[in-house]
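Please read the account below with the model open beside you, following each element as it is named.

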Amino acid sequence: MDEMEKSLCIYCMAEIADEEAAFENFFVEEYEEACCGEGCYQNALKYVEFLKRYKLHFVLGLAAASFFLVYPMFLRQINWMLLGLGWLMLGAVLTGLPFVTKLTIESMGIKKGAKFGRLLGMIILFATPIWFFII
Ligand SMILES: [Zn+2]
């Protein structure tokens with residue numbers, strides 16, 4: 001174990017300087033990282049509650065989007081409307097439920113990670129109609 005390793009706040013990625021001040025909360029079983037303070041801890045908790053509540057919606061949404069993204073490829077002629085629908089669904093899911101992977105949270109924290117997911121969703125939502133006009 002490396003004792004010199006600095007811990008980062010799971011929410012805002014700030015370095016936790018003061019061991020005493022650091023919240024050693026493990027708000028989800030998998031995350032034993034601490035938060036830099038009460039504010040971040042509350043935000044992190046909110047995110048986890050949100051994630052738990054909408055996990056099924058997220059999974060089903062992604063599954064539906066994936067279906068529309070993959071299914072048109074197997075048709076004799078690609079159905080661009082279905083493909084576009086798949087992209088719009090993917091964009092909507094990411095925008096409404098910006099759940100990011102554990103890896104993303106580890107590299108950029110919940111705050112930036114959720115923003116990143118939402119931004120990605122919005123880009124897809126914007127780009128899909130534009131792409132439709134082009135083809
Ligand atoms: Zn923080």
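In this predicted model, the axes of helix 1 (residues 38-70) and helix 2 (residues 80-96) come within 7 Å of each other and cross at roughly 160 degrees. Because of that angle, helix 1 is roughly antiparallel to helix 2, and helix 1 passes helix 2 in a left-handed crossing. On the side of helix 1, the residues that meet helix 2 are Phe58, Gly61, Leu62, Ala64, Ala65, Phe68 and Leu69, while helix 2 brings Leu82, Leu83, Leu85, Gly86, Trp87, Met89, Leu90 and Val93 to the contact. Sorted by class, the contact of helix 1 with helix 2 has 13 nonpolar and two polar residues, with no charged residues.

These two helices belong to a protein that has three helices and zero strands, its elements running α-α-α from the N terminus on. Of its 135 residues, 22% count as buried. Among contacts between residues at least 6 apart in sequence, 50% join residues at least 24 apart.

A kink of about 60 degrees is present in helix 1, centred on Tyr54. Which residues of helix 1 are buried? They are Cys40, Ala44, Tyr47 and Ala65, and what covers them includes helix 2 and helix 3 (102-134). Ala65, one of these buried residues, is also among the residues of helix 1 that meet helix 2.

The next pair is formed by helix 2 and helix 3, and here again an angle and a distance describe the arrangement. Helix 2 and helix 3 pack at an angle of about 155 degrees, with their axes 7 Å apart, and they are therefore roughly antiparallel to each other. The crossing of helix 2 and helix 3 is left-handed. In this contact, helix 2 takes part through Gly84, Trp87, Leu88, Leu90, Gly91, Ala92, Leu94 and Thr95, and helix 3 through Gly117, Arg118, Leu120, Gly121, Met122, Ile124, Leu125, Thr128 and Phe132. By class, the contact of helix 2 with helix 3 has 10 nonpolar, six polar and one charged residues.

Leu51 is found in helix 1 and is partly exposed, with 17 other C-beta atoms within 10 Å. Leu51 and Leu97 are 46 residues apart in sequence, and their C-alpha atoms are 8.0 Å apart in space. Gly96, for its part, lies in helix 2, and with 13 C-beta neighbours inside 10 Å Gly96 counts as partly exposed.

Most residues other than glycine have a negative phi. Phi of Met13, however, is near 70 degrees, a positive value in a residue other than glycine.

Methods: Residues numbered from 1 in each chain as written. Predicted model: local features only at pLDDT ≥ 70, side-chain atom pairs only at ≥ 80, totals over all residues. Helix = DSSP H or I, 4+ residues; strand = E, 2+ residues; numbered from the N terminus. Buried ≥ 20, exposed ≤ 12 C-beta atoms within 10 Å, placed from the backbone. Contact = placed C-beta atoms within 7 Å. Axes fitted to C-alpha atoms, helices over the stretch in contact; angles between N-to-C directions. Parallel < 35°, antiparallel > 145°, perpendicular 65-115°, else oblique. Left-handed = near helix turned anticlockwise from the far one by under 90°. Nonpolar A, V, L, I, M, F, W, Y, C, P; charged D, E, K, R; others polar. Bend = angle between axes of the 7 residues up to and from the residue.
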